[in-house]
Amino acid sequence: MAVAVPGLARADSLSDVISRGKVRIGVNSGAPPFSIVDAKGNPVGYDVDTANLIGKYLGLPVEIVPYTTAARIPALEAGKVDLVVATLSPTPERARTVQFTMPYSTFQLVVIAPKSSSIKSVADLAGKKVGVSRGTPQEVALIRAAPKEAAITRFDDDSTTMQSLVSRQVDAVAIPETVFTELLKARPDIGFEPKFTFFNQFMSIAVRRDAPELRQWLNTTISFIKQNGELDDISKKWTGKPLPQMPVF
């Protein structure tokens with residue numbers, strides 16, 4: 001006799017997505033060059049291209065749904081999207097809530113400050129006001145690395161964090177190097193520069209905990225598009241750099 005055990009019942013998530021006839025993918029709404037809005041109001045970027053590539057191999061149209069940094073995982077848990085390709089880094093805390101694939105991208109976390117600033121190392125952040133996006137790996141890494149005398153100020157996403165430096169609300173920001181690179185494209189004379197790298201961050205796709213078949217399919221697909229060069233093409237397009245070596249787990 002079959003016995004229903006709470007927490008073990010689940011749908012075949014991959015089959016559900018295919019049967020629905022489209023795949024819903026969440027992206028980060030404010031994380032250039034991974035996800036930005038173009039002149040026509042459409043989301044574009046590294047993660048958007050990756051999401052569309054996933055749709056190609058599923059043989060399904062893709063519905064891109066932008067979310068703020070804080071809303072990415074709640075939206076996934078609530079079933080509003082099937083997966084998120086949204087600058088998410090796998091951490092033990094997050095893995096209690098969602099499942100992660102192998103990394104599909106990586107970026108350096110750097111401290112940005114005015115060129116005239118004397119900041120050269122983590123130790124120099126003592127007594128300085130440092131901006132960072134709340135609920136992100138850079139926040140965790142900064143808290144771990146920064147001296148206790150540093151005043152850490154949180155913002156909603158990477159765009160507003162970078163803007164806090166532009167408006168001189170803070171002395172420096174801890175941010176993905178790619179965000180600063182995008183700003184330089186628009187404002188090459190802005191007068192800021194990376195002072196040092198304090199962490200190398202990997203990014204993974206996330207699915208709900210009841211979606212092991214979808215995670216397995218995604219891992220297979222990520223491995224395939226790494227090998228055939230399609231992910232490398234996306235990396236070069238949006239970061240100007242080839243896809244770096246990444247761990248498999």
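Which residues does Leu-83 touch, not counting residues up to four places away in sequence?

**View 1. Leu-83 and its contacts.** Leaving out residues up to four places away in sequence, Leu-83 touches Val-23, Arg-24, Ile-25, Gly-26, Ile-54, Leu-76, Ile-205, Ala-206, Val-207 and Leu-214 (contact means heavy atoms within 4.5 Å). This is a predicted model, where local features need pLDDT of at least 70 and side-chain atom pairs count only at pLDDT 80 or more, while totals for chains, interfaces and linings use all residues. Residues are numbered from 1 along each chain as its sequence is written, and side-chain values use heavy atoms, with hydrogens and water left out.

**View 2. The nonpolar cores.** A nonpolar core here is a set of buried Ala, Val, Leu, Ile, Met, Phe, Trp, Tyr and Cys residues joined through side-chain atoms within 4.5 Å; buried means under 20% relative accessible area, with a 1.4 Å probe and protein chains only. The largest one has 48 residues, and Ile-54, Leu-83 and Leu-125 touch the most other members. Apart from it lies another core of 14 residues, including Phe-155 and Val-170.

**View 3. Glu-139 in its helix.** Look for Glu-139 in helix H4, residues 137-145 (helices are DSSP runs of H or I, at least four residues, numbered from the N terminus). Glu-139 counts as buried because its relative accessibility is 14%. A polar atom of its side chain lies 2.6 Å from the backbone nitrogen of Gly-135. Beyond neighbours within four places in sequence, Glu-139 contacts Val-132, Ser-133, Arg-134 and Arg-154.

View 4. Gly-30 is buried, at 8% relative accessible area. Setting aside neighbours within four places in sequence, Gly-30 is in contact with Ser-35, Asp-157, Asp-158 and Ser-159.

Conventions:
Helices (H or I, at least four residues) and strands (E, at least two) are DSSP runs, numbered from the N terminus. Buried means under 20% relative accessible area, exposed over 50%, partly exposed in between (1.4 Å probe, protein chains only). A polar contact is a pair of N or O atoms within 3.5 Å; within protein, one must be able to donate a hydrogen and the other to accept it, and residues adjacent in sequence count only if both atoms are side-chain atoms.
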